[in-house]
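Colleague: Thanks for sitting down with me over this one. Could you take me through the model, piece by piece?

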There are 2 protein chains.
Amino acid sequence: MNIDTVPFAAEPAAPRTGLPKARDMSHHLNSITKRREANKLKELYKYAAIPGMIPMAGGVPSPAIFPFETLSADILRYDHLPLNPPRIPKKQGLFEWLFSSSSPVTDKINIPKYAPDPTDPMAIQLATSLQYAAATGPPAFPVWLRKYVETVFKPAFADWDVLLDVGATDAMTKVCSMMLSEGDSVLVEEWTYPGAMNAYLPYDVNVVGLPMDHEGIIAADMDKVLAEWDVEKQGRFPRMLYTVPTGQNPTGATMLADRRREVYEICSKYDIVIVEDEPYYCLFMDEYVPQGVKLSPVAQASRDAETSEGGKGNDAFLKSLPPSFLHFDTDGRVIRFDTFSKTSCPGSRLGWVTSSPIFIERLTRISECGTQAPSGFATALTLTMLNHWGWDGYVRWLRGIKANYRMKRDWMLDALADSFHLESDSNGLNPLVITTPFGRRFTGYARPNPASAEGRWDEKRGLTGAHGKPLISYIPPSAGMFVFLGVHLSGHPEYAALGDDATRILADRLWRVLAKHHVLFAPGWAFDPEGPHNIGGEGMGYFRLSFSIVTYEETRDAMEVFAKVLGKFLNK
Amino acid sequence: MNIDTVPFAAEPAAPRTGLPKARDMSHHLNSITKRREANKLKELYKYAAIPGMIPMAGGVPSPAIFPFETLSADILRYDHLPLNPPRIPKKQGLFEWLFSSSSPVTDKINIPKYAPDPTDPMAIQLATSLQYAAATGPPAFPVWLRKYVETVFKPAFADWDVLLDVGATDAMTKVCSMMLSEGDSVLVEEWTYPGAMNAYLPYDVNVVGLPMDHEGIIAADMDKVLAEWDVEKQGRFPRMLYTVPTGQNPTGATMLADRRREVYEICSKYDIVIVEDEPYYCLFMDEYVPQGVKLSPVAQASRDAETSEGGKGNDAFLKSLPPSFLHFDTDGRVIRFDTFSKTSCPGSRLGWVTSSPIFIERLTRISECGTQAPSGFATALTLTMLNHWGWDGYVRWLRGIKANYRMKRDWMLDALADSFHLESDSNGLNPLVITTPFGRRFTGYARPNPASAEGRWDEKRGLTGAHGKPLISYIPPSAGMFVFLGVHLSGHPEYAALGDDATRILADRLWRVLAKHHVLFAPGWAFDPEGPHNIGGEGMGYFRLSFSIVTYEETRDAMEVFAKVLGKFLNK
């Protein structure tokens with residue numbers, strides 16, 4: 001109990017639909033979490049709400065002495081970002097045309113200390129936002145989030161609820177502290193997000209990477225790992241799967257509907273809790289279409305619908321998003337993280353968890369004695385912005401964000417296509433002239449003349465085989481911010497001589513050479529939970545290339561430098 | 001490592017003074033904390049800072065697509081609150097004159113998306129504030145906090161440092177997760193803050209309450225507890241003392257210099273880490289002086305200096321504050337929590353820890369994979385406000401806050417004096433006509449005519465003894481927001497008949513009767529770690545009365561109702 005800072009205790013969620021309720025998941029709580037107690041002073045808060053009560057029970061400062069009298073912000077309009085920006089920036093000099101120095105058109109939002117009706121619990125006012133608050137945050141926020149969850153995810157059980165957090169990293173730490181005991185086992189993707197590793201590795205967990213393809217975890221391989229689990233050799237049976245199913249970090253893979261259902265069913269079969277971390281959910285941008293390639297009429301119609309203004313475009317966008325694991329979650333075993341970091345800004349430190357009542361209730365207890373509610377500055381400004389834009393406006397904003405990331409992904413993939421001779425692994429045909437199916441892997445070879453867009457393969461370069469040796473391989477990402485790029489380090493002249501550590505040594509050497517040429521990639525080993533790899537494997541060194549903050553020109557320069565440096569590196 | 005969200009790794013603090021460095025405290029870390037790893041990619045960030053580098057390593061969104069273009073606020077002037085408000089509000093109707101509905105004079109602060117020099121690391125701009133940030137927060141903030149710590153606390157070791165948190169509750173949870181293992185023992189005050197209990201109780205800890213007086217923990221009693229510790233009977237030897245030394249919650253006690261030194265020396269002797277939680281530090285308001293009582297010339301001169309405008313007044317205020325445990329901390333065993341919740345607003349969710357390098361470094365690791373930096377809205381607005389006010393302005397603001405709480409404390413204590421016949425325990429003289437020494441306990445008896453300010457003791461009321469039976473006892477708080485008020489429930493006619501649970505049953509009954517009369521106190525049992533009590537004891541039921549948000553009129557009404565209800569309750 002915390003009578004000074006928790007004016008209202010969280011109540012378990014009422015069933016929201018006619019669907020069955022979640023199953024009991026309390027066996028997944030650790031001993032510390034089971035001992036957390038709910039507020040013993042609920043009755044006190046009931047009395048506190050009686051009009052005319054003289055409030056000497058709490059321990060909160062008077063809003064009169066908060067130094068902030070009003071708060072305001074100039075915010076971008078919801079349609080600020082274009083839905084279908086040109087593939088190549090039009091402005092002269094190829095500078096990032098979109099973000100020119102001229103001031104964009106903005107709207108003003110204002111938050112007063114006292115709303116016109118200060119007793120309205122849905123009102124946003126600094127007297128409330130800047131006061132102590134229940135861990136569940138300002139009441140209007142969960143109302144908004146529940147609408148979002150119901151509309152976008154459509155959970156498959158009735159009594160789900162949401163809980164604000166200060167970002168997915170905070171949520172992950174709370175979930176680990178709720179579930180894990182030292183020596184537990186955790187399932188992850190074969191390449192995984194190091195920020196999450198920081199949360200579970202200190203528990204001395206046994207981490208098991210699951211083989212992936214372009215749609216993430218391969219269900220059959222996952223089932224095999226679990227079916228063959230040997231407690232004596234491998235330790236405790238896994239209780240948690242941590243996954244970034246949309247725009248996986250670092251691979252960019254996205255699990256579509258069938259894959260999610262398959263993985264969900266395995267988790268249900270083996271009683272595994274799914275931690276679904278979805279920072280890039282709204283950045284799902286679908287397949288990469290090489291420059292000059294014509295989409296099929298059906299695909300083009302879909303793309304047109306999704307990039308057109310208005311309600312139909314909004315609907316097409318929502319329909320284009322992959323389903324959440326929640327949509328298949330008849331058990332209530334999914335703990336989903338969403339965040340405003342990519343859709344608004346990371347510094348807001350604002351996100352939310354959606355899950356079954358037992359997990360939401362325990363996470364509320366954990367939040368009450370930790371972060372409490374997120375910063376009132378963040379909730380008040382974000383909620384006021386959402387209310388100003390309205391539901392349709394916010395969906396339009398998300399579409400602009402998506403289009404922006406798709407544009408930047410295409411900048412990088414187009415630059416790779418111009419700096420390397422690319423072939424698609426599955427059919428050997430030039431991907432520049434045919435439509436590539438979702439998830440196809442490209443392999444890049446040296447181009448005789450990278451400066452010439454017409455340059456094709458030149459036998460006279462003296463490279464081995466028909467196309468020389470392969471330099472890079474990658475699967476175009478379907479969401480997120482990254483291209484996960486493999487380098488065929490086994491082609492390096494010293495590879496054999498360097499022995500077991502050759503890949504790591506050469507990757508590190510290449511990374512330094514690139515940095516000296518002013519191109520900074522993230523090294524792939526940082527994402528390696530250290531198991532066998534389906535994406536990668538013997539002789540492949542990986543790098544994660546972020547396209548989120550680079551300009552068109554920087555992207556072109558970097559890929560050109562990379563191709564030159566790599567050619568020299570592997571052929572010296 | 002978390003390459004997406006931690007652009008700069010925290011470096012251990014350089015020694016700040018010529019004092020010795022902290023001792024090694026790493027044996028106080030638990031196994032999970034020892035396993036946390038520092039960022040493996042430090043080198044990457046060194047390269048990232050090179051001008052001209054094309055940044056494809058990180059995973060951060062472009063500030064161009066943050067929807068917030070500018071942020072502004074109207075803030076109160078630093079001298080908004082008077083230093084010496086009149087004892088009785090002057091405005092007609094006795095409404096809270098200070099906070100009339102007319103708008104106060106405010107200044108405008110603005111935070112642009114890009115500062116005039118966006119590369120200045122000290123600049124406050126939304127492009128940085130709303131971006132991912134190191135857990136240490138915007139670089140200008142620790143600079144500001146270190147000045148505060150050095151000036152106000154003057155730590156006794158050289159290599160202390162600060163770390164931002166999202167409030168002291170967050171800090172406490174992090175410290176528990178850093179230090180505690182299931183089954184540890186924790187020392188607390190005999191009455192203690194339930195919000196902190198929520199953080200350590202789930203670890204199944206053995207909680208030991210230490211006897212208190214008006215200055216908090218009694219050093220000799222603490223030494224005795226530790227000297228006589230029996231591991232077989234009492235479990236593991238304590239490793240942590242949790243204390244609120246200024247304006248203790250709920251008792252209002254404050255440890256002054258000698259007491260803190262004594263308690264520190266015991267902790268040093270027995271190798272105990274001191275968690276010093278100081279939300280009310282700047283609300284230290286010194287002794288209560290009853291209405292009409294003249295201070296000694298020396299005390300009056302000190303009060304005059306401390307309530308006068310200007311630099312001398314600021315100096316007198318800073319000098320009047322009790323020393324922090326840090327000031328005696330030659331070992332580096334103090335973990336101090338400060339917060340902006342009472343000096344700015346709780347909704348900012350902003351505070352900081354000051355401690356030795358090992359604890360700051362581990363807490364930084366914990367924050368990196370949890371809360372990360374506090375919300376950029378909160379840090380940007382708070383820092384801009386502090387910079388706008390300047391150092392002297394902020395000190396003046398703190399003095400206004402202190403004066404405001406002193407005024408409100410005096411409202412409540414004056415109202416008690418007018419509603420009860422008070423005597424000072426130690427000398428039996430009427431406290432209304434002599435100066436009361438710091439920490440004296442008052443006992444209240446029924447007044448024959450509470451409505452009359454002239455009313456004194458009336459033998460004809462037929463109460464037992466010279467003054468009838470005692471009704472209440474309390475020590476006027478020297479800081480904070482609360483009066484911790486004991487009711488002599490043993491005087492209730494049913495007390496003996498109710499048996500062992502009489503105090504709890506009668507306290508609960510009284511609490512309900514008061515709530516029905518629209519007076520809401522916090523029940524004392526919520527603050528009880530369940531040990532023997534020096535403040536309280538057999539037959540005493542406690543209530544915590546908050547004076548922070550009630551008006552003058554409400555305070556008068558509440559104490560009058562309380563006196564009437566209590567008289568009836570104990571005499572029926």
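Modeller: Gladly, and one definition to begin: a salt bridge is a side-chain nitrogen of Lys or Arg within 4 Å of a carboxyl oxygen of Asp or Glu. This is a predicted model, where local features need pLDDT of at least 70, side-chain atom pairs count only at pLDDT 80 or more, and totals for chains, interfaces and linings use all residues. Residues are numbered from 1 along each chain as its sequence is written, chains are lettered from A and ligands numbered from 1 in the order in which they are written, and side-chain values use heavy atoms, with hydrogens and water left out.

Colleague: Which residue forms a salt bridge with Arg260(A), and why does the pair tie together parts that are 16 residues apart in sequence?

Modeller: Arg260(A) lies in helix α9 of chain A and its partner in strand β10 (residues 273–277), so the pair ties together parts that are 16 residues apart in sequence. Helices (H or I, at least four residues) and strands (E, at least two) are DSSP runs, numbered from the N terminus. With the closest N and O atoms 2.9 Å apart, the partner is Glu276(A).

Colleague: What area is buried between chain B and chain A?

Modeller: Counting contact as heavy atoms within 4.5 Å, 119 residues from chain B and 119 residues from chain A take part. In chain B, Met56(B), Ile65(B) and Leu520(B) lose the most area to chain A, together 9% of what that side buries. Buried area is the accessible area (1.4 Å probe) that two parts lose on being put together, summed over both. Carbon and sulfur atoms give 64% of the total, which is about 9900 Å².

Colleague: Where is the cis peptide bond that has omega of about 15°?

Modeller: Most peptide bonds are trans. Chain B has a cis bond joining Asn249(B) and Pro250(B), with omega of about 20°. In chain A, Pro250(A) lies in the loop between β9 (240–243) and α9 (257–269). The bond with omega of about 15° joins Asn249(A) and Pro250(A).

Colleague: Which residue has a positive phi of about 55° although it is not a glycine?

Modeller: Most residues other than glycine have a negative phi. The residue in question lies in the loop between α12 (357–368) and α13 (376–419) of chain A. It is Gln372(A).
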